[in-house]
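Me: I want to learn how to read features off a model like this one. Can we go through it together?

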Amino acid sequence: MENSVIISIQGLKKHFITPGGRFTALNGIDIEFGKAEFTGVVGPSGSGKTTLLNIIGSLDSPSEGKAIVLGQSIGELNVKQAALLRRSRLGFIFQSYNLLPVYTVFENVEFPLLLLKLNDGQRKKMVMDSLEWLGLTDKVKSKPAQLSGGECQRVAIARSMVKKPEIVLADEPTANLDAANSHHILKTMVQLNKEFKTTFIFATHDDKVIGYLRRKISLIDGKVAKDEITNN
Amino acid sequence: MKLLLQLAIKNLIGAGLRTWLNVIVLSFSFVIIIWHKGILDGWDRQAKNETAKWETGRGQFWQKSYDPYDAFSLTEAHAKIPSSLDTVLLNGNLVPILITQGTIYPGGRIQSILIKGIDSNQKILKIPAALFLKSSDEIPVLIGRRMATDNELKEGDIITLRWRDVHGTFDAGDMKVIAIFDTEVPTVDMGQIWIPLDQLQKMMGMPGEATILVCKNKESGSLYPAGWKFKSSEVLLKSITDLIKMKSVAGIVLYIILLSLAMLAIFDTQILSIFRRQKEIGTYIALGMTRYQVVGLFTIEGSLNSVLACILAAIYGIPLLAWQASRGLSMPGGSKGFGLAVADKIYPAYSIGLVLITIILIMITTIIVSYLPSRKIAKMKPTEALRGKLQ
Ligand SMILES: Nc1ncnc2c1ncn2[C@@H]1O[C@H](COP(=O)(O)OP(=O)(O)OP(=O)(O)O)[C@@H](O)[C@H]1O
Ligand SMILES: [Mg+2]
């Protein structure tokens with residue numbers, strides 16, 4: 001099932017220039033991700049989880065080595081190509097939801113489709129479908145400020161899933177949620193992963209999330225310490 | 001572009017109070033600039049119209065020695081009306097005016113004045129010369145309201161007038177103020193009296209002579225009578241043009257201050273919103289916008305302030321300015337003493353050009369002021385914007 005490789009990372013290093021000198025956040029990473037994986041990158045704070053996800057998400061570029069995502073080499077994309085990749089094929093979920101505050105739930109979820117220039121009818125249907133998967137159809141007209149944290153994160157998931165991307169990158173998606181809400185959104189994501197064969201990659205140190213993962217990659221000091229298939 | 005515009009509108013309206021404050025300040029600038037310029041243009045138009053009707057006509061011929069700024073030139077500045085102008089004169093298209101110096105003694109004081117002789121039958125200027133025809137007095141005199149006030153003269157007053165004729169001989173007589181006229185043009189009013197032309201010619205011993213000839217049509221200017229020079233209305237009204245120009249320059253200072261205030265408010269809002277909305281900017285980029293699209297979005301957001309201001313200004317400005325245009329602006333009484341025609345009321349003149357130029361000017365400045373801070377977004381690293389940690 002998880003055979004075709006969609007992300008291939010080879011000898012990836014990432015250095016940051018800090019006032020204290022050069023700091024290496026990722027120090028030689030070699031991993032591959034296949035289609036429809038449900039994988040977590042775990043590790044202590046500062047181990048480089050977010051940095052790795054950012055590079056996969058084309059928000060940042062490697063200092064050394066290669067990151068091939070959906071056939072495109074992240075380090076060699078120009079800003080426009082990177083934006084296009086994110087726009088059409090990647091979804092993001094953030095710890096703090098990052099919803100657009102002046103937009104309604106519907107408009108937030110619709111946003112990625114606006115960038116894809118889909119027609120009105122198509123767009124509306126996709127937004128409503130996505131809201132339905134997340135059980136948000138009664139919140140269509142609400143603004144983010146009127147929603148609970150769990151609901152906000154569901155809107156964010158709906159937004160990341162609305163265009164049916166091949167990869168969803170979720171950085172600490174449960175960090176601001178209570179246990180019940182965390183389980184709720186994780187179950188939903190497992191379902192979406194099964195239904196649409198979307199690859200989910202998490203960065204987390206939340207045991208609740210880890211409990212749902214099928215593969216767990218442990219980072220320590222910017223290196224892969226362990227890469228294991230878990231039996232979920 | 002259309003998408004960015006839609007998003008920008010949503011964001012701007014979503015920003016609420018801050019947007020409206022900026023928009024209100026900016027709309028004030030719009031209305032005040034248009035109003036102020038409209039008043040000046042209206043004043044210019046009225047002053048020129050009135051001056052043309054009372055004094056300058058559509059151009060004048062001046063006897064070659066005549067110099068309105070040199071009273072001594074008046075002893076020389078008179079000549080027979082050239083025969084080449086006879087037809088124009090007979091058709092009523094020319095008013096000869098003879099100008100000389102004299103002295104009056106109002107209330108025991110000595111007052112040096114100009115005596116202007118004008119044809120009782122003239123119909124070109126608004127000087128009510130026809131009133132002479134009703135009078136049987138030896139020297140009937142018309143004066144303006146300012147002249148009357150300055151010298152405490154009333155209708156019916158008889159005072160002594162002294163003059164020096166063509167030979168330099170002093171002579172004197174009693175003049176009677178038969179009427180006082182109201183005019184907005186001080187240059188046909190202050191320091192002068194109007195008497196019938198034939199009377200003045202007789203008093204001076206200058207039969208058939210005049211100092212200036214006021215034309216009804218500007219075409220008469222092409223007649224070039226020998227010994228006379230033609231002054232077009234543009235030349236005669238130049239002092240008004242100059243004065244209004246001077247006032248306009250003072251206005252520009254006002255506009256710059258107003259605009260700077262509005263622009264400062266927008267600039268400040270832009271800087272603040274780019275700082276506060278880093279995460280949002282990061283999110284836009286994560287969702288697939290390019291940084292340049294985000295720069296565009298913020299620039300449009302800022303620029304839309306001026307569009308909203310324009311709409312708001314139209315909502316309250318059009319009725320306000322229209323009302324002002326119909327009611328006129330009352331000028332303070334003191335402005336009567338101005339060297340320039342000032343009506344009791346000035347009716348502002350708003351031209352499409354004026355409104356368009358103001359709108360375009362404000363739009364362009366707003367776009368620049370919105371764009372400058374937004375450029376910063378293009379230099380942001382998306383990962384740092386997402387963390388919201390930029391300073
Ligand atoms: N832009 C940056 N400039 C300098 N150092 C950075 C930058 N981004 C990350 N780092 C450093 O790189 C290291 C890895 O950061 P990263 O955010 O990937 O860690 P993480 O595993 O996601 O940690 P956490 O669990 O706390 O989110 C950290 O030590 C961090 O300080
Ligand atoms: Mg992190």
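Me: Is B:Glu152 buried or exposed?
Reply: Buried means under 20% relative accessible area, exposed over 50%, and partly exposed in between (1.4 Å probe, protein chains only). At 66% relative accessibility, B:Glu152 counts as exposed. This is a predicted model: local features need pLDDT of at least 70, side-chain atom pairs count only at pLDDT 80 or more, and totals for chains, interfaces and linings use all residues. Residues are numbered from 1 along each chain as its sequence is written, chains are lettered from A and ligands numbered from 1 in the order in which they are written, and side-chain values use heavy atoms, with hydrogens and water left out.

Me: Where does B:Glu152 sit, and what is its phi?
Reply: Most residues other than glycine have a negative phi. B:Glu152 has a positive one, near 50 degrees. B:Glu152 lies in the loop between α5 (145-150) and β6 (158-164) of chain B. Helices (H or I, at least four residues) and strands (E, at least two) are DSSP runs, numbered from the N terminus.

Me: What is the phi of A:Asp221?
Reply: A:Asp221 also has a positive phi, near 50 degrees. Its place is the loop between β9 (215-220) and β10 (223-229) of chain A. A:Asp221 is exposed, with a relative accessible area of 64%.

Me: Which residue forms a salt bridge with B:Asp41?
Reply: An α-helix has 3.6 residues a turn, so residues three or four places apart point the same way. B:Asp41 pairs with B:Lys37, the closest N and O atoms being 3.3 Å apart. The two are four residues apart in helix α2 of chain B, so about one helical turn separates them. B:Asp41 is partly exposed at 24%, and B:Lys37 is partly exposed at 23%.

Me: What is the area buried between chain A and chain B?
Reply: The size of an interface is often given as the accessible area lost when the parts come together. Buried area is that loss (1.4 Å probe), summed over both parts. Between chain A and chain B it is about 2100 Å², with carbon and sulfur atoms giving 66%. The contact takes 23 residues from chain A and 21 residues from chain B.

Me: How many salt bridges are counted between chain A and chain B?
Reply: The count is one. B:Lys10 pairs with A:Glu107, the closest N and O atoms being 3.5 Å apart. On the side of chain A that touches chain B, the elements giving two or more residues are α2 (79-89) and α3 (105-115) of chain A.

Note on methods. Contact = heavy atoms within 4.5 Å. Buried area = accessible area lost by both parts, 1.4 Å probe. Salt bridge = Lys/Arg side-chain N within 4 Å of Asp/Glu carboxyl O.
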